[in-house]
Amino acid sequence: MAHELPPLPYPYTALEPHIDETTLHVHHDKHHAAYVNNLNAALDKHPELSTKSLEELLRNLNAVPDDIRTAVRRNAGQTYNHTMYWQVMAPGAGGPPKGAIAEVIKASFGDFETFKTKFSQAAVGQFGSGWGWLSRDQAGKFAIEATSNEGCPLMEGKWPVLVVDVWEHAYYLKYQNRRPDYLQAWWNLVNWDEVNRRLK
Ligand code: MN3
């Protein structure tokens with residue numbers, strides 16, 4: 001049972017003007033697709049892993065055989081992270097958080113502006129390729145963090161609730177080297193309904 005590239009959950013033009021159509025085509029159809037293909041190629045060598053979900057693979061990478069562990073870490077990580085990234089964005093979204101996530105932000109960070117500033121700083125400050133996250137640890141504590149390359153909180157036993165891609169391929173066509181501008185625009189797309197779904 002091969003892993004599949006999920007279709008983008010909205011039209012390629014839907015996130016304009018914040019994220020442009022060309023970027024979404026290249027990012028989803030080329031980058032994300034390649035990670036899925038590379039994951040399947042690695043798993044082909046160990047068919048016993050074919051029934052494992054991305055979450056199961058990433059939560060227990062030590063159980064993945066040595067010869068494919070790096071490939072699985074990279075490509076399952078990137079596959080999972082991208083699918084989540086598409087889902088936590090939506091056209092006409094953004095604005096202040098609502099529902100349970102609004103309470104979490106208030107309790108953990110004080111107010112939304114403080115959260116937004118800290119999250120943006122973590123994402124913008126990630127050196128090189130990576131991701132910005134809000135995640136919950138096993139004790140129920142919420143934290144902002146950045147990971148490099150394919151890093152994902154699932155690998156650390158945490159549950160991710162919000163993510164932004166800060167690899168250059170996510171923004172370079174439109175924003176070139178201006179990662180802070182991309183982050184600022186990205187807040188207009190945050191899909192709080194999906195974040196609330198992930199909180200449950
Ligand atoms: Mn990407």
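Modeller: Phe 119 is buried, as is Trp 187. The model is a predicted one, in which local features need pLDDT of at least 70 and side-chain atom pairs count only at pLDDT 80 or more, whereas totals for chains, interfaces and linings use all residues. Residues are numbered from 1 along each chain as its sequence is written, and side-chain values use heavy atoms, with hydrogens and water left out.

Colleague: Why is Trp 192 called buried?

Modeller: Buried means a relative accessible area under 20%, exposed over 50% and partly exposed in between, computed with a 1.4 Å probe on protein chains only. Trp 192 has 3% and is therefore buried. Phe 112, at 17%, is buried as well.

Colleague: How many aromatic pairs does the structure hold, and what makes Phe 112 and Trp 192 one of them?

Modeller: The structure holds 15 aromatic pairs. The centres of the Phe 112 and Trp 192 rings lie 5.8 Å apart, with 80 degrees between the planes, and the pair is edge-to-face. Rings of Phe, Tyr and Trp (its six-membered ring) pair if their centres lie within 6.5 Å; planes under 30 degrees apart count as stacked, over 60 as edge-to-face and the rest as tilted. Phe 112 belongs to helix H5 (residues 112-125) and Trp 192 to helix H8 (residues 192-199), so the pair ties together parts that are 80 residues apart in sequence. Helices (H or I, at least four residues) and strands (E, at least two) are DSSP runs, numbered from the N terminus.

Colleague: What kind of aromatic pair do Phe 119 and Trp 187 form?

Modeller: With 5.5 Å centre to centre and 70 degrees between the planes, Phe 119 and Trp 187 form an edge-to-face pair. Phe 119 is in helix H5 and Trp 187 in the loop between helix H7 (179-186) and H8, so this pair ties together parts that are 68 residues apart in sequence. One aromatic cluster is formed by Phe 109, Phe 112, Phe 115, Phe 119, Trp 186, Trp 187 and Trp 192.

Colleague: Which residues touch the most other members of the largest nonpolar core?

Modeller: A nonpolar core is a set of buried Ala, Val, Leu, Ile, Met, Phe, Trp, Tyr and Cys residues joined through side-chain atoms within 4.5 Å. The largest one has 59 residues, of which Val 72, Tyr 85, Phe 115, Tyr 182 and Trp 186 touch the most other members. Helix H3 (residues 66-87) gives the largest share, seven residues.

Colleague: Why does this core lie between domain 1 and domain 2?

Modeller: Domain 1 (21-87) and domain 2 (100-199) both give residues to the core, so it lies between them. Domain bounds come from an automatic or database domain assignment. The C-alpha centres of the two domains lie 20 Å apart. Their contact (heavy atoms within 4.5 Å) takes 19 residues from domain 1 and 28 residues from domain 2.

Colleague: What makes H8 mostly covered?

Modeller: Six of its eight residues are buried, namely Trp 192, Glu 194, Val 195, Asn 196, Arg 198 and Leu 199. The elements they pack against include H3, H5 and E3.

Colleague: What is the phi of Asn 149, and why is this residue called partly exposed?

Modeller: Asn 149 has a phi near 50 degrees, a positive value in a residue other than glycine. Most residues other than glycine have a negative phi. Asn 149 is in the loop between E2 and E3, and its relative accessibility of 36% counts as partly exposed. Gln 176, in the loop between H6 and H7, also has a positive phi, about 50 degrees, and with a relative accessible area of 31% it is partly exposed.
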